[in-house]
Amino acid sequence: MSDDAKILVRFVNAEGEWSVEVEHGTDLLHASRLCGAPVQTLCNGIAACVQCKVKVLKNPENLSPPATLEIDKVGNIFHITGERLGCQAQVLGPVEIEPLPARLPRKRRPRFRPR
Ligand code: FES
């Protein structure tokens, strides 16, 4: 495959379907922005918020393997859960992806109870 060949990325969830053709090495967060798929972010793709989690439905081998930064954030069980960080997984071939809903942190309880 030549480097400038476009690769099909398809996003699917209960709300709809979105498709886009991207260049080799494009991350899934960027691909989602190009087609309007609802991949979430709070950190804008610097692997800090973990809101961009997606589930790989087809061809997980067509994504770059998780790097240390991603493994530090979500562990190394991607081969069981099929979940990846959209901002870290780069497209190497056609894939089908399910955007996952945002998981906002639970409101913290106060450490000390007022008397
Ligand atoms: S966009 Fe924040 S961790 Fe991926």
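**Exercise 1. Work out the order of the five strands in the sheet, and find which strands stand at the edges.**

*Solution.* Step one: read across the sheet. In this predicted model, five strands make up an open sheet, in the order E2-E1-E5-E3-E4, and the pairing is mixed.

Step two: look for strands with a single partner. Those are E2 (16-23) and E4 (83-85), so each has one side left without a neighbour in the sheet.

On average, neighbouring strands here are turned by 35° against each other, direction ignored.

**Exercise 2. Go through the strand pairs and decide for each: parallel or antiparallel?**

*Solution.* A quick reminder before you start: strands of a sheet pair through backbone hydrogen bonds, and they can do so in a parallel or an antiparallel way.

Step one: take E1 and E2. They run antiparallel and are joined by eight bridges.

Step two: move on to E1 and E5. This pair is parallel, with three bridges. Phe11 turns up again here, with Ile97 as its bridge partner in E5.

Step three: now E5 and E3. They pair in the antiparallel sense over four bridges. Ile97 in E5 is the bridge partner of Val56.

Step four: finish with E3 (residues 53-58) and E4, which are antiparallel over three bridges. In this pair, Lys53 stands opposite Leu85 in E4.

**Exercise 3. Find the residues of E5 that are buried, and say how the side chains are arranged along the strand.**

*Solution.* Step one: walk along E5 and you'll see the side chains alternate. Step two: sort them by face.

**Exercise 4. Which residues of H1 are buried, and why do they line one face of the helix?**

*Solution.* Step one: list the buried residues of H1, which are Leu28, Leu29, Ala31 and Ser32.

Step two: look down the helix axis. The buried residues of H1 fall within an arc of 160°, so they line one face of the helix.

Step three: ask what lies over them. The cover includes E1, E2, E3 and E5.

Step four: see what comes next in the chain. Just after H1, Gly36 takes a positive phi of about 85°.

**Exercise 5. Which residues of the largest nonpolar core touch the most other members, and which element gives the most to this core?**

*Solution.* Step one: the core has 19 residues, and Val9, Leu28 and Ile97 touch the most other members.

Step two: trace where the members come from. E1, E2, H1, E3 and E5 each give two or more residues to this core, and H1 gives the most, with three.

Step three: zoom in on Leu28. Leaving out residues up to four places away in sequence, Leu28 touches Val39, Val54, Gly86, Ala89, Val91 and Ile97.

**Exercise 6. Describe the chain as a whole: how many helices and strands does the chain have, and in what order do the elements run?**

*Solution.* Step one: count three helices and five strands. Step two: starting from the N terminus, the elements run β-β-α-β-α-α-β-β.

The C-alpha trace spans about 70 × 30 × 25 Å along its principal axes, and 26% of the 115 residues count as buried.

Key. Residues numbered from 1 in each chain as written. Predicted model: local features only at pLDDT ≥ 70, side-chain atom pairs only at ≥ 80, totals over all residues. Pairing = 2+ DSSP bridges. Axes fitted to C-alpha atoms, helices over the stretch in contact; angles between N-to-C directions. Buried ≥ 20, exposed ≤ 12 C-beta atoms within 10 Å, placed from the backbone. Arc of directions from axis to C-beta. Contact = placed C-beta atoms within 7 Å. Core = buried A, V, L, I, M, F, W, Y, C linked by C-beta atoms within 7 Å.
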